[in-house]
Amino acid sequence: MRRDVTRARLVRAALRSRWPQLLVTALALGGFIFAIVAGFAGTPVGSRNFGIVFVWIVWWAALMLIAVPLAGRAWCSICPIPAPGEWLQRGAVLSPTGRGLGGRRRWPTALRNIWLQNAAFVAIALFSVVILTTAHVTALVLAAVIVLATLTSLVFERRAFCRFLCPVGGFIGLYAQLAPLAVRVKDAAVCAAHTEKTCYAGNGEGYGCPWQVFPGALRKNTYCGTCVECLRTCPHDNVAVYLRPIGEDLFERSGRRLDEAFKAFIMLGSAVGYTAVMLGPWGALKAAAQSVGSVAWAVYALVFVALVLGVLPGLFLGAVVIGRRLARSTVTVRRSFVTFAYALVPLGLAAWIAFSLGFVFTNLSYVWPVVSDPMGWGWDLFGTARAQWSPYLGRTVPVLQTVVLVLGLFWASVTAHRMAAELVAGDGRPLATALHASPVVALCVALTVTLLGLLV
Amino acid sequence: MRREGWARLTVGMLALALTIAALLGRWANRGGIELHARMAETGGFMPSEITATLGEPLHLRLTSDDVMHGFAIGHSDRPAIDVAPGETTRTTLTFDRPGTYTFYCTRWCGPNHWRMRGTIHVRGAGAAQPVARTVPRYVALGLDLDAPHPAAVVPARRPSAARGAELAARTPGLVPGTGLRDLSPAAMWERLRQTAPRALDDAEVWDLVAFAWKSSTTPLAIEEGRRLYAANCAACHGETGNGRGVMADTLTVSLEPRGGHGHAPAKPADFTKGATMLGASSTLLEGKILRGGMGTGMPYWGPILTDSQIAALVAYLWTFQLDAMDIPAPSTRPDLTPHRH
């Protein structure tokens, strides 16, 4: 069921060469720098500012509707945010043998998880309405993130920022588990016998894994940045990029963790929260989310945090406990809780796609005036500066959202069922398996119905 | 190492090309004055003062930083320009007289919309004379615009100019043709009550008042007044003149009391309330529009509306009390039309 895409000579050559990746990264960096400049110097009108339109509509659409579902962490491989820091750390932009500035310290052991990424995402989520609609705040956040990534690279080894801090990278990693694309070794035995471990240590062909992952032990996409350095550094040609069945990583039993489980809750809860705030009909809710610093905003923030970190995990825990009792499972509550949480990953991705469809196609027509007048300075470079706003696929989007959410629910239910089978040890207990999964499936149904009610 | 050098150069160019191109474009396209429009709460027009040279074109690039605004010059026939958010609209102004001109927002952009004003100082020597400034009539008459002006009498029914015209036709010379501008309708009623035949009841005398007012204006003026009212007044005073426009509540709470000067914030006047409205003269209403409310929230329209526009507006205001639309315009008009002296 796997297909090695690197067997195609052209693909292989493109991945082994450092130039294509560098050029795309540099272009993306140019876009981000321009977005920052536009945010600070361009019009404060979000719908007419390159920073807002290209970051929160174009980039977000490309990321959530295309890149993450189809290629997992592919964006991370060309992300411009860590690029300046990585280049300084390496002392080179292209050469695999540069001598850089610092970046030698190991990331603290206690923080080698994604709790910081979870916290960073929730923190940013509380200010999202302002960030997404205010050009200079978007610019400020982008600039701050690039500066933070650069400083992190100058102090800590490799891509510590991407692996442990980046709020976007955190959820991309979660949903990358579903992607049909994966970097894996061809034969683990070859890696085991390879004493130099150049994929981790680096050699004249490339750097050691920037994501601090040993490819020989890689089982999930979560922490693989698909930078393909390992493909370059492996002297045995033992690394490949595979097309594979979607969602395969969810059933990888090793490496299931509570921080990843909470990432699933945070993402799903945030999708519900964002949908209510940004696409819902409640003006007071929007106003509260926008009035940062006010009492109304403080209440909104508390409710949001309580929803993603308390209510949703609490309901989920209840569902797991009920299912466990129904199935008379002897597996610990913690393990059951963490295992079942991975069933929320497909539903979470579906929720984010549905949410993104809702605003991306509504606002996509803002691209045309911004292409001609990216700063709102009165230019008309391509004759589209006066193009009027017009929502696309107005009648199709609700249908697409429904289809995506129903598919997500189906996928989550199937996953929950397989998780239950794993927890009750075997296919010989179909009733126990169904009983174990049913409360979690019921919760997924409730969440899907809630989202459908908000979106459609 | 050579490849690394090329790579660095390429990265630098790709990363900065867009930004450098944009900044160069900005520099090359810097002619004229960029005028930003923002809601008054966040700054209004920026810059709010512009200097122009007599007879020389003043190039403006107008853009809104938030919502839809408008741009117009007071005392000018030049049509208003919409200033859309994030878009740039270019316009060129040329002034043929020195002086200070007021530009203002023409769109109801927020509760303090009326504060969105700025000035253009036109300087330069030449044959052209500065715009003449005249003393407003209410000043010449020494009227206290802020004094209460209750009507001593109010009609029992809505006065009709049509009925008044029929009554006036029966008794020629009953309705005076001049000197009515400074009289309130209530005062005019009292005067007519004394001279009108005893057979006329009070309501019929009010009809004569309506006829006198109707005779002092034209349908065209009333129509212009209606247009001006809708554009400038209705948001606070209400479409029906009842003082409950969509901005009325916001306006009342958004104003800051001014200690020591002027007046406290007040609710917009109710033009449908006969007890106060019928006690005001056209000259008094003209003065209130011209000068504004001095802190009550009523804007001053002197630098924006011309004499004839204010007259048209006052003519329209009377339609909230007097029924006028049902008779053709008379061929002779008594002197009730306001004129500024």
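Predicted model: local features only at pLDDT ≥ 70, side-chain atom pairs only at ≥ 80, totals over all residues.

Colleague: Let's start with chain B. How many helices and strands does it have?

Modeller: Chain B has 11 helices and nine strands.

Colleague: And what share of its residues count as buried?

Modeller: Of the 341 residues in chain B, 47% count as buried. As for its contacts between residues at least 6 apart in sequence, 73% join residues at least 24 apart.

Colleague: OK, sheets. What's the strand order in the four-stranded one in chain B?

Modeller: The order is E2-E1-E4-E7 in chain B, as an open sheet with mixed pairing. Strands E2 (45–46) and E7 (88–93) of chain B are the edges, and each has a single partner strand, so one side of each has no neighbour in the sheet.

Colleague: Take me across it pair by pair. In which sense does E1(B) pair with E2(B), parallel or antiparallel?

Modeller: Antiparallel: E1(B), residues 33–37, pairs with E2(B) over two bridges. Ala37(B) has Phe45(B) in E2(B) as its bridge partner.

Colleague: And E1(B) with E4(B), parallel or antiparallel?

Modeller: That pair is parallel, with five bridges. His36(B) is bridged to Thr63(B) in E4(B).

Colleague: That leaves E4(B) and E7(B). How many bridges there?

Modeller: Six, in the antiparallel sense. In that pair, Arg61(B) has Arg90(B) of E7(B) as its bridge partner.

Colleague: How many residues of E4(B) are buried?

Modeller: Six of the seven residues in E4(B), which spans 58–64, are buried, so the strand is largely enclosed by the rest of the structure.

Colleague: One more in chain B. Where does Leu18(B) sit?

Modeller: Leu18(B) is in helix H1 of chain B, residues 2–28. Its relative accessibility is 42%, so Leu18(B) counts as partly exposed.

Colleague: What does Leu18(B) touch?

Modeller: Leaving out residues up to four places away in sequence, Leu18(B) touches Gly30(A) and Phe34(A). For a sense of distance within chain B, the C-alpha atoms of Leu18(B) and Ala234(B) are separated by 47 Å, and those two are 216 residues apart along the chain.

Colleague: Over to chain A, then. At what angle do H3(A) and H18(A) pack?

Modeller: About 145°, with the axes 10 Å apart; H3(A) covers residues 50–71 and H18(A) covers 344–363. The crossing of H3(A) past H18(A) is left-handed.

Colleague: Which residues make that contact?

Modeller: On the H3(A) side they include Trp56(A), Ile57(A), Trp60(A) and Met64(A). On the H18(A) side, among them are Leu349(A), Trp352(A), Ile353(A) and Phe359(A). By class, the contact of H3(A) with H18(A) has 15 nonpolar, two polar and no charged residues.

Colleague: How about H2(A) and H5(A), at what angle do they cross?

Modeller: Roughly 130°, and the axes of H2(A) (residues 19–41) and H5(A) (residues 83–90) come within 11 Å. The two helices are therefore oblique to each other. From H2(A), Leu22(A), Thr25(A) and Leu29(A) meet Ala83(A), Pro84(A) and Trp87(A) of H5(A). That contact of H2(A) with H5(A) divides into five nonpolar, one polar and no charged residues.

Colleague: And H10(A), how many of its residues are buried?

Modeller: Nine of the 10 residues in H10(A), 167–176, are buried, which leaves the helix mostly covered. The buried ones include Pro167(A), Phe171(A), Ile172(A), Leu174(A) and Tyr175(A).

Colleague: What covers them?

Modeller: The cover for the buried residues of H10(A) includes H3, H4 (74–78), H6 (115–126), H9 (160–165), H14 (258–279) and H18 of chain A.

Colleague: Which order do the strands of the three-stranded sheet in chain A take?

Modeller: E1-E5-E2, in an open sheet with antiparallel pairing. E1 (3–4) and E2 (181–185) of chain A are the edge strands, each pairing on one side only. E2(A) and E5(A), the latter at 239–243, share five bridges, and Val185(A) has Val239(A) in E5(A) as its bridge partner.

Colleague: Last one: is Thr198(A) buried or exposed?

Modeller: Thr198(A) counts as buried, at 10% relative accessibility. Thr198(A) has its place in helix H12 of chain A, residues 198–201. Not counting residues up to four places away in sequence, Thr198(A) touches Asn203(A), Gly208(A), Thr233(A), Cys234(A) and Pro235(A).

How values were computed:
Residues numbered from 1 in each chain as written. Chains lettered and ligands numbered in written order. Heavy atoms only, no water. Pairing = 2+ DSSP bridges. Axes fitted to C-alpha atoms, helices over the stretch in contact; angles between N-to-C directions. Left-handed = near helix turned anticlockwise from the far one by under 90°. Contact = heavy atoms within 4.5 Å. Nonpolar A, V, L, I, M, F, W, Y, C, P; charged D, E, K, R; others polar. Parallel < 35°, antiparallel > 145°, perpendicular 65-115°, else oblique. Buried < 20%, exposed > 50% of the residue type's maximum accessible area, 1.4 Å probe, protein only.
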